[in-house]
Amino acid sequence: MSYRRTVDFLLHDWLGVASLRERARFADHSRETFDSVLDTCERIAREKYAPFNRVADTEEPWFDGEKVHLPQSSHDAAEAFFGSGMLAAAQDYELGGMQLPCVVEMAANSFFAKAAIGIGGGMLTSGNANLLMAHGTPMQQEVFAKNEFTGRFSGTMCLSEPQAGSSLSDIVTRATPDGADHVSDPLGPRYRLRGNKMWISNGEHELTENIVHLVLAKIPDADGQLVPGTRGISLFIVPKKLVGVDGALTGERNDVSLAGLNHKLGYRGIPNTLLNFGEGRYPVRGAAGAIGYLVGQPGQGLRAMFHMMNEARIAVGLGAAMLGFAGYEASLEYAKSRPQGRPIGPGGKDASKPQVRIIEHADVRRMLLAQKSYCEGALALELYCARLVDELHTGVDDARARASVLLEVLTPIAKSWPSEWCLEANSLAIQVLGGYGYTRDFPVEQYWRDNRLNMIHEGTHGIQALDLLGRKVVMDGGGGLALLRSAMAATAARAAAIDSLAGHAQALGAAADHLVVATRAAWATGVADEALANATPYLQAFGHVVLAWIWLDVAVCAARLPSDDTLVGKLAACRYFFHYELPRIDAWLGVVERRDDTCRMLAEECF
Ligand SMILES: Cc1cc2nc3c(=O)[nH]c(=O)nc-3n(C[C@H](O)[C@H](O)[C@H](O)COP(=O)(O)OP(=O)(O)OC[C@H]3O[C@@H](n4cnc5c(N)ncnc54)[C@H](O)[C@@H]3O)c2cc1C
């Protein structure tokens, strides 16, 4: 089974993406144009990324006091990626884009993530530019976004500060108007920023001519005080090097400096930085303070940033799924060639008989099928969400509204589920290799280290859980959950008509009902503390029910096609998920519906 075969099956047989060409925006596309984008990305990933995955891990970025250095292979990979046009893939033709559907764009980008996630693709840059296309002025789009789409400039997102990670309302970076004429700057109202931003990915490097930082900061009120909460947060473009209205560099360095690089467990090829804004290291026009141009209205910064973060969350989930896949492929190959032990049963202890390959042991098959069910299921979920994004952008009214609600509810799962379970897949890949898996002679330990990030950034696991149970499933009177429940019921109805899937259909119905009952029970007292104390077990159960639904929907499609090994494998992974995974939800939902207070009430001294 090749990864490409799975991608093609999901895109064409399951999601029917060819039908998107009936929409005006995608009318010039065809199966051939989609295939050629996938072919190009697959080739670049194979030639410029995969061979250098370990190099990016071992030759970490280093700072000479002026510049951050990366291995030559990372420069070559970036050049090939920029040249592929993928940064602007979803954009209009007039912007040099391909008007590619989001679902095909995500599938194409998955090849890079699977080959070498630690080298990094263009997710931050295209997300940054997309945000400016939605919230920036025409001039900001022309000068900054367009140069990001070509790869001339790259982008970052600067939210976190040393003292403010999950709680962004507590950021203290300040933005003050820069001079009496500050409102009339053609690049947008001009401010001076001062503060520190922590953990900024790609915050300093020489891969592009310039770096466009999108920075959250607070504009002090008339008394010089920062407005508490998220209402006070605004968004600014802070270029590393100043530019004119024609997009040319002016030759002035902005007052943004690298305080240091963070040395990480994984994703080591991507420089991760602590940036100082406005400390006077590079004074601009004789004064300290980084020049920043306001994007949108004051106080609306976080709302605009979320435009970028929702896309980013689907991309994080996809990256986690791809790391899971990479580990699955490596451990499958190993299991097919490693001789060890003899079969259980008569003659099994006879040392004069040849050993079997470890894939012949049932327990190794269990570990392989678990990985397959996690990472193929996660890939299907991410592509489904990306297809919803296309519906949101190009669907007719009803379908668009439905897609919007489903995306709201599914985004925390799209980000979190692969981050937890494809990390578990990576752990199982190590287990399949035994002691060898624990060494650096094989790639699986790196996949695990890389994947460990995904439960932390873009909203930690715990924060995603609070968002799901505290907001997403209760908003609009629980309308999102009800819509998801009806989508699950529709899949179950189709599956019930297929003998081999009818049992799964029933199990999905019961699991979805349990989820609804547990949601109500969690909120039965209306006390947020009680309801949300077990938000993470709720997230886990919710994710498993969603994945069971996705797997059943995929299985209905697979069961209707002429059978082959690939499709039999998919039906087996679905069966694995229903038999080994879905039953776990009862334990998770048990503590949710009892509003179990074991953790919440334990006195601090007793830990
Ligand atoms: C490699 C890497 C790359 C990153 N890239 C970027 C980037 O490009 N731009 C950017 O802005 N940021 C970036 N981040 C920052 C990342 O988003 C934060 O690390 C993350 O939001 C968590 O913040 P924190 O590290 O301060 O942890 P904290 O917020 O201190 O959280 C620590 C723990 O406490 C829990 N917790 C916190 N608050 C609550 C609560 N209210 N209820 C329950 N539990 C809670 C969390 O779930 C977590 O388990 C990156 C981080 C890393 C490690």
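**Nonpolar cores and overall form of the chain**

When neighbours within four places in sequence are set aside, W549 is in contact with Y384, L410, L484, A487, M488, T491 and L508. The model in which these contacts occur is predicted. W549 also stands out within the largest nonpolar core, which comprises 140 residues: together with F542 and V546, W549 touches the most other members. Helix α16, spanning residues 535-559, contributes 18 residues to this core, the largest share. Apart from this core lies another, made up of 32 residues and including A129, I237, Y293 and M305. In soluble globular proteins, nonpolar side chains tend to be buried together.

At the level of the whole molecule, the protein chain contains 19 helices and twelve strands. Of its 607 residues, 56% count as buried. Contacts were further examined by separation in sequence. Among those between residues at least 6 apart, 76% join residues at least 24 apart.

The C-alpha trace of the protein chain spans about 85 × 60 × 55 Å along its principal axes. Its radius of gyration is 25 Å, which agrees with the value near 25 Å that a compact globule of 607 residues would have.

The protein chain exposes about 24,500 Å², of which carbon and sulfur atoms supply 54%.

Conventions
Residues numbered from 1 in each chain as written. Predicted model: local features only at pLDDT ≥ 70, side-chain atom pairs only at ≥ 80, totals over all residues. Heavy atoms only, no water. Core = buried A, V, L, I, M, F, W, Y, C linked by side-chain atoms within 4.5 Å. Buried < 20%, exposed > 50% of the residue type's maximum accessible area, 1.4 Å probe, protein only. Helix = DSSP H or I, 4+ residues; strand = E, 2+ residues; numbered from the N terminus. Contact = heavy atoms within 4.5 Å. Rg over C-alpha atoms; globule rule 2.2 N^0.38 Å. Areas by Shrake-Rupley, 256 points an atom, 1.4 Å probe, with all protein chains shown as cover.
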